[in-house]
Amino acid sequence: MRILFDARIVRERSDGLSTYVRHLLTRLLALDTGNEYLVLLGAAFHDHLAREGLGARPNVRLVVTRCPFMGVAQQVCIPLLVRRLSPVTLYHYPHFDIPLLTHACSVVTVHDLNHVTLDAYFDSHRWLKRAYSFGTTALSLTRARHILAVSQATKDQILARFPWIAPEKISVTYEAVG
């Protein structure tokens with residue numbers, strides 16, 4: 001299988017999502033020698049994987065990009081990049097707003113739905129950001145082949161907010177790597 005793993009969120013200063021993705025990918029690459037991995041990442045994480053020796057493995061290709069993680073720009077630049085890297089069997093995106101024209105066989109991870117459920121989540125341009133977040137989340141969940149929810153509470157929120165999503169399409173996968 002040829003897996004495209006989007007790790008662009010990993011950067012020098014780590015937040016929860018960045019740390020989760022860094023640990024998940026590092027462990028996955030260390031354990032899985034059977035699948036081929038194309039890893040989208042920024043320069044800082046490239047250097048980290050090179051130091052770990054994971055970038056030199058024959059089944060791993062590191063693809064450095066300056067395309068920002070999240071937002072409107074990735075809706076254009078990532079699908080173009082994926083077309084150049086094809087064929088890809090599976091695209092794993094570790095957040096709610098997968099680039100919508102990227103790949104039909106995708107897995108998306110939902111950590112929470114705060115951006116959709118909490119009125120005060122955005123400080124400025126609240127209505128525009130909420131509309132973008134709700135729209136991209138709805139389309140991401142609808143188009144994804146499978147959804148990873150990091151808790152049962154997150155799965156329940158997904159099913160409550162997006163009732164057309166089939167429950168069997170969602171797996172609860174706790175964030176325990178680290």
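So, pLDDT is the predictor's confidence in each residue, on a scale from 0 to 100. I start there because what we have here is a predicted model, and where pLDDT is low, the predicted coordinates should not be read in detail.

How does this one do? The protein has a mean pLDDT of 81, with 87% of its residues at 70 or more. Going element by element, strand β7, residues 170-172, comes out highest, with a mean of 95. At the other end is helix α4, residues 114-117, which has the lowest mean, 66.

Okay, on to the helices. Two packed helices are described by the angle between their axes and the distance between the axes. For α1 and α2, the latter being residues 43-52, that's an angle of about 35° and axes 12 Å apart. The crossing of α1 past α2 is right-handed. And who touches whom? From α1 you've got R22, L25 and T26, and they meet F45, H48, L49 and E52 of α2. Sorted by class, that contact has 3 nonpolar, 2 polar and 2 charged residues.

Which residues sit nearest the centre? Those are F5, L24, L28, H92 and L148, out of 13 lining residues.

Key: Residues numbered from 1 in each chain as written. Predicted model: local features only at pLDDT ≥ 70, side-chain atom pairs only at ≥ 80, totals over all residues. Heavy atoms only, no water. 1 Å grid on protein atoms, 1.4 Å probe; cavity = no way out; pocket = protein on both sides within 12 Å on 5 of 7 lines; lining within 4 Å. Helix = DSSP H or I, 4+ residues; strand = E, 2+ residues; numbered from the N terminus. Axes fitted to C-alpha atoms, helices over the stretch in contact; angles between N-to-C directions. Left-handed = near helix turned anticlockwise from the far one by under 90°. Contact = heavy atoms within 4.5 Å. Nonpolar A, V, L, I, M, F, W, Y, C, P; charged D, E, K, R; others polar.
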